[in-house]
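Let's take a walk through this fold, starting with its strands and then moving on to the helices. Keep the structure open beside you as you read.

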Amino acid sequence: MSLLHVENLNISFGIENEFRRVVQDVSFCVQEGETFGLIGPSGCGKTTVLRAVGGLNTDWTGTIRLGAEPLRPGHKITGPLRDDIQMVFQDPYSALHPRHRVARILGEPLVVRRVEGIAAKVAKALDEVGLPAQIAQRYPHQLSGGQRQRIAIARGLLLKPRLVLLDEPTSALDVSIQAEILNLLNDLKASHNMTFVLVSHDPGVIGHMCDRAIRMQGGRIQATLDRADLAAR
């Protein structure tokens, strides 16, 4: 069953009358429960596609649909659809508020939605990503890069999304802990029955994580790769 449907996605950047199309006629479907990869060199448009799906860039044309719910160009994602799509960013330090403790960083989305038992839910989220409960009282600068990324992952899972968007989730981390984070993501995906879309420039990461992928170049899809293609590469 298809969870994410993207068809004829076009995105342009520019000012006044000078525009450059950075994503051109990109179409793909992501099945429920799979990890789908977008791979390609820096500047090929893969993160731009991810930001459109995540609602961070609303200036696009084409079709983006999560299940039966369409995203609308020019409009922010709101309501239940906002909870269903969450994103984990490349740099965990810049993605976490430097003046907020972890308890507030994780609890704030729950406060906005008037969820009860926030402290217990934050402690459970930390446990699921392999962190002790006392980390909730620390600030991001008091944590290692790997710990910060685990916090970012925990935040992405708190609202129990159907789709998690991963933008180069290990590229800002030391090589020694990249595998730990990737394996953690695989374990969490299985236990929460989620669907991932993963952006990476690293064929090894895509090959380890993904069921299928598209390779992008110059804003276009260059090739579609199935599991056998990924294993061979």
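## Ground rules and the sheet

Two strands are said to pair if DSSP finds at least two bridges between them. One thing to keep in mind throughout: this is a predicted model.

With that in hand, look at the sheet. It is an open one built from 6 strands, running in the order β6-β7-β8-β3-β9-β10, and the pairing is mixed. At the edges sit β6 (85-88) and β10 (220-225), each of which pairs on one side only.

## Around β9

With β10, β9 pairs in the antiparallel sense over 5 bridges.

What about β3? Here β9 pairs in the parallel sense, over 4 bridges. Phe 36 has Arg 212 of β9 as its bridge partner.

Arg 212 turns up again in a salt bridge, this time with Glu 34, where the closest N and O atoms are 2.6 Å apart. Arg 212 belongs to strand β9 and Glu 34 to the loop between β2 (18-31) and β3, so this pair ties together parts that lie 178 residues apart in sequence. In the whole structure, a search turns up 4 salt bridges.

Which strands does helix α1 touch? Helix α1 (residues 46-53) packs on the sheet and touches β3 (35-39), β6, β7 (163-167), β8 (195-200) and β9. The direction of α1 makes about 150 degrees with that of β7.

Helix α6 is on the sheet too, lying across β6 and β7. Relative to β6, α6 runs at about 175 degrees.

## α6 and its helix partners

Two packed helices are described by the angle between their axes and the distance between the axes. For helix α4 (residues 102-112) and helix α6 (residues 145-157), the axes come within 9 Å and cross at roughly 20 degrees. Angles under 35 degrees count as roughly parallel, so α4 and α6 are roughly parallel to each other. The crossing in which α4 passes α6 is right-handed. From α4, the residues in contact are Val 102, Ile 105 and Leu 106, and they meet Ile 151, Ala 154 and Arg 155 of α6. Sorted by class, the contact of α4 with α6 has 5 nonpolar residues, 1 charged and no polar.

Now turn to helix α7 (residues 175-192). Its axis is 11 Å from that of α6, and the two helices pack at an angle of about 15 degrees. That makes α6 and α7 roughly parallel to each other as well, and the crossing of α6 and α7 is right-handed. On the α6 side you'll find Gly 146, Gln 149, Arg 150, Ile 153 and Leu 157; they meet Ile 177, Glu 180, Ile 181, Leu 184, Leu 185 and Leu 188 of α7. The class count for α6 with α7 is 7 nonpolar, 2 polar and 2 charged residues.

## α4 against α5

How does α4 lie against helix α5, and at what angle? Helix α5 (residues 118-128) packs with α4 at about 120 degrees, and their axes are 10 Å apart. At that angle, α4 is oblique to α5. The crossing of α4 past α5 is right-handed.

The contact uses Val 102, Ala 103, Leu 106, Gly 107, Leu 110 and Val 111 from α4, together with Ile 118, Lys 121, Val 122 and Leu 126 from α5. By class, the contact of α4 with α5 comes to 8 nonpolar residues, 1 polar and 1 charged.

Notes:
Residues numbered from 1 in each chain as written. Predicted model: local features only at pLDDT ≥ 70, side-chain atom pairs only at ≥ 80, totals over all residues. Heavy atoms only, no water. Axes fitted to C-alpha atoms, helices over the stretch in contact; angles between N-to-C directions. Parallel < 35°, antiparallel > 145°, perpendicular 65-115°, else oblique. Left-handed = near helix turned anticlockwise from the far one by under 90°. Contact = heavy atoms within 4.5 Å. Nonpolar A, V, L, I, M, F, W, Y, C, P; charged D, E, K, R; others polar. Salt bridge = Lys/Arg side-chain N within 4 Å of Asp/Glu carboxyl O.
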